[in-house]
Amino acid sequence: MLDIKFIRENPDLIKEAARKKHISFDINALVKIDDERKEALALFENARAEQNKLSDEVGRADPKDRAEMAEKLKPLKEQVQNAEEQVREITKEWQAQMLQVPNVPDVSVPEGGDDSSNVEVSVWGEKPKFDFAPKDHVELMQNLEMADFEKGAEVSGFRGYFLKGDGALLQFALWQFVTEFFRTKKSEYEFMVVPSLVRRETLLGTGYLPQGEDDLYKTQDGEYLSGTAEVATMSYFSDRVFSVSELPIKRIAFSTAFRREAGSHSKDVKGLFRVHEFHKFEQVILCEANHETSVAHHEELLKNAEELLQALGLHYHTVANCGGDLGLGQVKKYDIEAWVPSQSSFKETHSCSYFHDFQSRRLNIKYKDTEGKSHFAHSLNNTALATPRILQHIVENYQQADGTVRVPGVLVPYIGKEVIGK
RNA sequence: AGAGGGUUCGCAUAGUGGUCUAGUGCGCUUGCUUGGAAAGCAAGUAAGGUGUUAAAGCCUUCACGGGUUCGAAUCCCGUACCUUCUGCCA
């Protein structure tokens, strides 16, 4: 959500934002309906003021005169009701359109319609060299009895999986590793375990709805299963007014995550990369409403994720996502993609975005500055670690000729062995 | 899941149809007082919209959404949430 005043004052910015994000949005229609809304509002407010005044007079009058006076006000009542109805209808349409307004992407966001236009901004590490044909993670993990995909599909459905034995242990090890990482090295991030079962408002607030309806599971009671801990974590702070001294607020939140993956039927159909149910540690920051502050925290979130991947010894690169690959509310996004030998390509492990006040307007998250003036906070988030996805990267990069898998050094203490499969 | 109770200005409360323009206490801010503080006294103490050079004014908000009425915090209906009891349950 953007400020309607800002939208009206900067129509060209909004048009340019829609173009760059490859979203169709008619700003003229919005301005027109906003004019109508103001007009209807003025009409209603004037009628209401008149009604308030006259009704008040009835109240002050001698009781025996009241009935007669009240009778005369009946036409006015009808007028007020009509005016109010008018406002209600226009506002409904106005709100629907306001939810479609794209946030303005940063000038540094590359042009492009989809992820093929994302631009590499940095690379870390090198491709592992194999003197044998590397296997994919499905084969490796099945051979090592770390996962069962057949039974997964049978029990859970398409994209279902079981982790077992060392596969399950590896996931737990990653959770412990990332927990220790934040506890000891990033202690300003407070831990949270947050719900995945969330109400519609939370998804509207974070910007996943109304556009992402198809990607979300919904319960028969009307709640949704969230696709990321960001949703509940951000919503935790909704309707709050912070003092500026409390900012920035940093959280590392864990939850199960659910995604329908509608429209991805032919993509990544095998294995752990794209599943319906997974777990994620998510970094979330709320900070002062200042572009430079947002950018600084964006870089910080990126760096945290990079430190984790470096500790795990995974070769990765970072891309700046192009306009068409940004969500409605995102100002800028970096994806981190780590190397997958079986596909000779980088595959996403992290997604790092900032939103300016797009989310906090919808969620009503404010703070008061030192002068007591209130502002909507800025928000940002980045994956810290998502499992089981990253198991693919680990087992493939750490595989050996005999089909065994070395355990990254930082995980050895949590698994109690250096090689899986011996 | 069923039955009951509840939701009011930061907190606690008052308020069952018309000066509620939401009272009071606490808290907070400022001033007076004081050597300084406390106490006391006084004043102030929400958010959003509209409007304006600025303001005044006006509108909305007593969980949310409808309704009744000239007029709703107050009456009616629905929903959400909290809570108690019962049921179920890891």
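Predicted model: local features only at pLDDT ≥ 70, side-chain atom pairs only at ≥ 80, totals over all residues.
**Helix packing, RNA contacts and local backbone features**

A147 stands 21 residues away from A168 along the chain, and the C-alpha atoms of the two are separated by 8.0 Å.

Chain A as a whole comprises 422 residues, of which 39% are buried, and its secondary structure consists of 14 helices and 18 strands. Taken along the principal axes, the C-alpha atoms of the chain fill a box of roughly 100 × 45 × 40 Å. The average pLDDT of chain A is 93, and 100% of the residues score at least 70. For the complex, the predictor gives an ipTM of 0.82, together with a pTM of 0.92.

Helix 3, which spans residues 27-60, packs with helix 5, which spans residues 74-98, at an angle of about 155°, and the axes of the two helices are 8 Å apart. Since angles over 145 degrees count as roughly antiparallel, helix 3 and helix 5 are therefore assigned a roughly antiparallel arrangement. The crossing of helix 3 with helix 5 is left-handed, and the contact of these helices contains 15 nonpolar, five polar and eight charged residues.

Helix 3 and helix 5 also take part in the surface near RNA strand B, where they are joined by helix 4 (63-72) as the elements that give two or more residues. In total, 17 residues surround RNA strand B, and the closest are A49, S55, V58, G59 and A70. The largest share of this surface comes from helix 3, with 10 residues. By class, the residues near RNA strand B divide into seven charged, five polar and five nonpolar.

P210 is placed in the loop that runs between helix 9 (200-206) and strand 6 (217-218). A cis peptide bond also joins T387 and P388, again with omega of about 5°, and P388 is found in the loop between strand 16 (378-387) and helix 13 (389-397).

D239 has a phi of about 60° and is located in the loop between helix 10 (229-236) and strand 8 (240-243). With 9 C-beta neighbours inside 10 Å, D239 counts as exposed, because the limit for that class is 12 or fewer. N364 likewise has a positive phi of about 60° without being a glycine, and its position is in the loop between helix 12 (358-363) and strand 14 (365-368). N364 is partly exposed, however, because 13 other C-beta atoms lie within 10 Å, a count that is above the limit of 12 or fewer for exposed residues.

Note on methods
Residues numbered from 1 in each chain as written. Chains lettered and ligands numbered in written order. Axes fitted to C-alpha atoms, helices over the stretch in contact; angles between N-to-C directions. Helix = DSSP H or I, 4+ residues; strand = E, 2+ residues; numbered from the N terminus. Parallel < 35°, antiparallel > 145°, perpendicular 65-115°, else oblique. Left-handed = near helix turned anticlockwise from the far one by under 90°. Nonpolar A, V, L, I, M, F, W, Y, C, P; charged D, E, K, R; others polar. Near = placed C-beta within 6 Å. Buried ≥ 20, exposed ≤ 12 C-beta atoms within 10 Å, placed from the backbone. pLDDT = per-residue confidence, 0-100.
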